[in-house]
Amino acid sequence: MPGVNVMEAATTEEAPRPAAVYRLWGINGDLLYIGSSYDPQRRYQEHRDKPWWPQVARRTEEWQESRANAYRAELKAIAAENPQHNVYGTDRETEAMRQRTEMGRVRGAVQRGAYQFSWDVLLDASRSGLPSREAHRLSQEAFIDYLDASGAFPDYVKRLRDQQRPDWATNPT
């Protein structure tokens with residue numbers, strides 16, 4: 001490569017940065033959390049918004065020669081020591097993933113049911129002679145009501161209902 005001294009580039013590569021595996025302990029000696037970081041002090045600050053942070057009474061650090069080594073040591077320690085508030089790398093992670101997958105299946109089934117119900121309402125309304133605009137409005141209400149009754153989409157239902165309100169109902173001036 002023109003303009004680049006290969007020997008100089010090879011000798012100026014950075015050495016691995018040391019990183020720590022840290023443990024956060026409760027007042028009774030319970031292991032609360034295991035993590036790894038180049039800068040544990042900064043990570044402690046980031047953990048302060050966790051609901052379990054007030055339980056932390058003591059911290060320990062084991063320094064490793066590189067971030068990769070620290071990360072491997074962290075994962076092994078989490079698996080072996082099962083800290084209370086780690087999820088990644090524990091049985092709690094597997095259970096959380098299972099619950100998310102199951103909730104996804106449930107929500108998918110509810111959505112399919114809502115679409116089918118709203119389609120049936122649209123067809124019935126159209127066959128009964130309602131104007132197209134009114135049939136579509138009823139179909140949309142049926143869709144929202146179905147989702148609302150399931151309890152699986154509270155925020156989405158609220159957004160849909162807010163979108164249905166006329167401007168004068170939400171912004172009285």
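Is N82 buried, partly exposed or exposed? Select N82: at 45% relative accessibility, N82 counts as partly exposed. Here buried means under 20% relative accessible area, exposed means over 50%, and partly exposed lies in between, with a 1.4 Å probe and protein chains only.

This is a predicted model, in which local features need pLDDT of at least 70 and side-chain atom pairs count only at pLDDT 80 or more, while totals for chains, interfaces and linings use all residues. Residues are numbered from 1 along each chain as its sequence is written, and side-chain values use heavy atoms, with hydrogens and water left out.

**Stop 1: the loop**

Stay on N82. It lies in the loop between α3 and α4. N82 has a positive phi of about 45 degrees, although it is not a glycine. Helices (H or I, at least four residues) and strands (E, at least two) are DSSP runs, numbered from the N terminus.

**Stop 2: the sheet**

Now select β1, β2 and β3. These three strands form an open sheet in the order β2-β1-β3, with antiparallel pairing. Two strands pair if DSSP finds at least two bridges between them. The edge strands are β2 (31–37) and β3 (56–64), and each pairs on one side only. Neighbouring strands of this sheet are turned by 20 degrees against each other on average, direction ignored.

Zoom in on β1 (residues 19–26) and β2. They pair in the antiparallel sense over six bridges. Pick L24, which stands opposite Y33 in β2. Then pick V21, whose bridge partner in β2 is S36. Move to the hairpin of β1 and β2, which has four residues between the strands. There, G29 takes a positive phi near 85 degrees.

Color β2 by accessibility. Seven of its seven residues are buried, so β2 is largely enclosed by the rest of the structure. Contact means heavy atoms within 4.5 Å. Axes are lines fitted to C-alpha atoms, for helices over the stretch in contact, and angles run from 0 to 180 degrees between N-to-C directions.

**Stop 3: helix α5**

Select residues 132–150. This is α5, with 19 residues. It reaches 27 Å from its first C-alpha to its last, close to the 27 Å expected at 1.5 Å a residue. The expected span is 1.5 Å times one less than the number of residues. In α5, A135, S139, A142, F143, I144 and L147 are buried. Just after α5, G151 takes a positive phi of about 75 degrees.

**Stop 4: S118**

Jump to S118 in helix α4 (residues 91–127). S118 is buried, with a relative accessible area of 8%. The backbone oxygen of Y115 lies 3.0 Å from a polar atom of the S118 side chain. Leaving aside neighbours within four places in sequence, S118 is in contact with S139, A142 and F143.

**Stop 5: the core**

Finish at the largest nonpolar core. Select its nine residues: V110, A114, F143, I144, L147, A152, F153, V157 and L160. The elements that give two or more residues to this core are α4, α5 and α6 (154–164). The largest share, three residues, comes from α5. A nonpolar core is a set of buried Ala, Val, Leu, Ile, Met, Phe, Trp, Tyr and Cys residues joined through side-chain atoms within 4.5 Å. Center on F143. Beyond neighbours within four places in sequence, F143 is in contact with A114, Y115, S118, Y156 and L160.

How values were computed
Polar contact = N/O pair within 3.5 Å; in protein donor to acceptor, adjacent residues only side chain to side chain.
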